[in-house]
Amino acid sequence: MTILCVRFQLPPAHEAALPGLLGLLEEFTPVVEALPPDGALADLRGAERYFGRSAVELASVIRVRALALYGFDCVTGAGPGPMSARMALRTARPGVTCAVPEGEVREFLAGKPVVALPGVGTATARTLCEYGLDTLGRVAAAPLSTLQRLVGAKAGRELHEKANGIDRGRVVPNAVSRSLAAERPFERDELDPDRHRRALLAAAGELGARLRAVEKVCRTLTLTVRYADRSSTTRSRTLGEPTAHSAALTRTAYGLYEALGLQRARVRAIALRAEALGPAEQASHQLTFDPVDEKVRRIEEVADRVRAKFGPEAVKPGTLAA
């Protein structure tokens, strides 16, 4: 096992701590790939030889340092490749690293639903399930030609390889992307779609206000839904134009949520992340001649001035978007 996937239990309000936490990983290896808002991949191939410790032992050291220096716990998964490490992270818990030994990846994946595999979206999973390929074990046993007919030549080959434990991915060192996040946890696992949508409304309103406060616009919006079993689903969408308009962010967030097709899902938290940020002064705005939209934008301007004068709590995020 040479790859470690770490997710720090980092509240959105403390997301600025992520670069420092990544520095903990860089003390062991320079090959660290940031996975905003709260995670990272680390290639510990050289660290295992240098320190004479396994990836699991090094993960324990990283956890202790994160708690001691920053006060944040973390969960870790380890495997021979990035994909297996990400999959192992789903079943890990604080203090117990889930490790997948080399040569046992296929067995580890066999019983998991096909939608759990990174890169498999809702539409692909639905197609596979219609043909009885609802687990990765069944996908691994299916003929390559069958998968290619169902999902395409390239996607079918990649799916066949991953289900069989073949991981051609690698850790690519990078910097933390410039982004902002807003999360809305629920007091208890929430089944009501209306409450999910209200959480999205509030999160989008907060993101819009924060973007306008720093004079930024975003080009991409990412939705992460965390479930009661600690698993999560993440989807991203590129906006038609860079924006910090709360109503536009809310519409996109609703679209991402509805595309998931959740039915009776026990949701623990919903998070939105604005990515690909750029200066607001360089962004263009397509005129819509919609009086309602223009009115909302004017109200946003007034609300932003109120927040600047009396503080961010003067106007609750999400109360202005429709």
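This is a predicted model: local features need pLDDT of at least 70, side-chain atom pairs count only at pLDDT 80 or more; totals for chains, interfaces and linings use all residues.
The protein contains 12 helices and 10 strands. Of its 322 residues, 46% count as buried. Among the contacts with a separation of 6 or more, 66% come from residues 24 or more positions apart.

Arg264 is not a glycine, yet has a positive phi of about 55°. The side of the story that concerns solvent is simple: the relative accessible area of Arg264 is 69%, and Arg264 is therefore exposed, the cut-off being over 50%. Ala276 likewise has a positive phi of about 55° without being a glycine. This residue, Ala276, lies in the loop between β9 and β10 (278–279). With 45% relative accessibility, Ala276 counts as partly exposed.

Turning to helix packing, a pair of packed helices is described by the angle between the axes and the distance between them. Helix α1 (residues 18–26) packs with helix α3 (residues 55–70) at an angle of about 145°, the axes being 10 Å apart. The crossing of these two helices, α1 and α3, is right-handed. On the α1 side, the contact is made by Gly20, Leu21, Leu24 and Leu25, and on the α3 side by Ile62, Arg65, Ala66, Leu69 and Tyr70. Sorted by class, the contact of α1 with α3 has seven nonpolar residues, one polar and one charged. A helix geometry reminder is handy when looking at such lists: an α-helix has 3.6 residues a turn, so residues three or four places apart point the same way.

The second pair is formed by helix α8 (residues 144–151) and helix α9 (residues 153–163), whose axes come within 7 Å and cross at roughly 130°. At that angle, α8 and α9 are therefore oblique to each other. Here too the handedness can be given, with α8 passing α9 in a right-handed crossing. Leu144, Leu147, Gln148 and Val151 of α8 make the contact with Ala153, Ala155, Gly156, Arg157, Leu159 and His160 of α9. These residues of the α8 contact with α9 divide into six nonpolar, three polar and one charged.

Helix α4 (residues 82–90) is mostly covered, with seven of its nine residues buried. The buried residues of α4 are Pro82, Met83, Ser84, Ala85, Met87, Ala88 and Leu89. In helix α10 (residues 193–213), Pro193 is found, and this proline is partly exposed, with a relative accessible area of 42%. Although Pro193 and Leu262 are 69 residues apart in sequence, their C-alpha atoms are 8.6 Å apart in space.

As for individual cysteines, Cys98 counts as buried at 17% relative accessibility, whereas Cys129 is partly exposed, with a relative accessible area of 39%.

Technical notes. Residues are numbered from 1 along each chain as its sequence is written. Side-chain values use heavy atoms; hydrogens and water are left out. Axes are lines fitted to C-alpha atoms, for helices over the stretch in contact, and angles run from 0 to 180 degrees between N-to-C directions. Helices (H or I, at least four residues) and strands (E, at least two) are DSSP runs, numbered from the N terminus. Angles under 35 degrees count as roughly parallel, over 145 as roughly antiparallel, 65 to 115 as roughly perpendicular and the rest as oblique. A crossing is left-handed if the near helix is turned anticlockwise from the far one by less than a right angle, and right-handed if clockwise. Contact means heavy atoms within 4.5 Å. Ala, Val, Leu, Ile, Met, Phe, Trp, Tyr, Cys and Pro count as nonpolar, Asp, Glu, Lys and Arg as charged, and the others, Gly among them, as polar. Buried means under 20% relative accessible area, exposed over 50%, partly exposed in between (1.4 Å probe, protein chains only).
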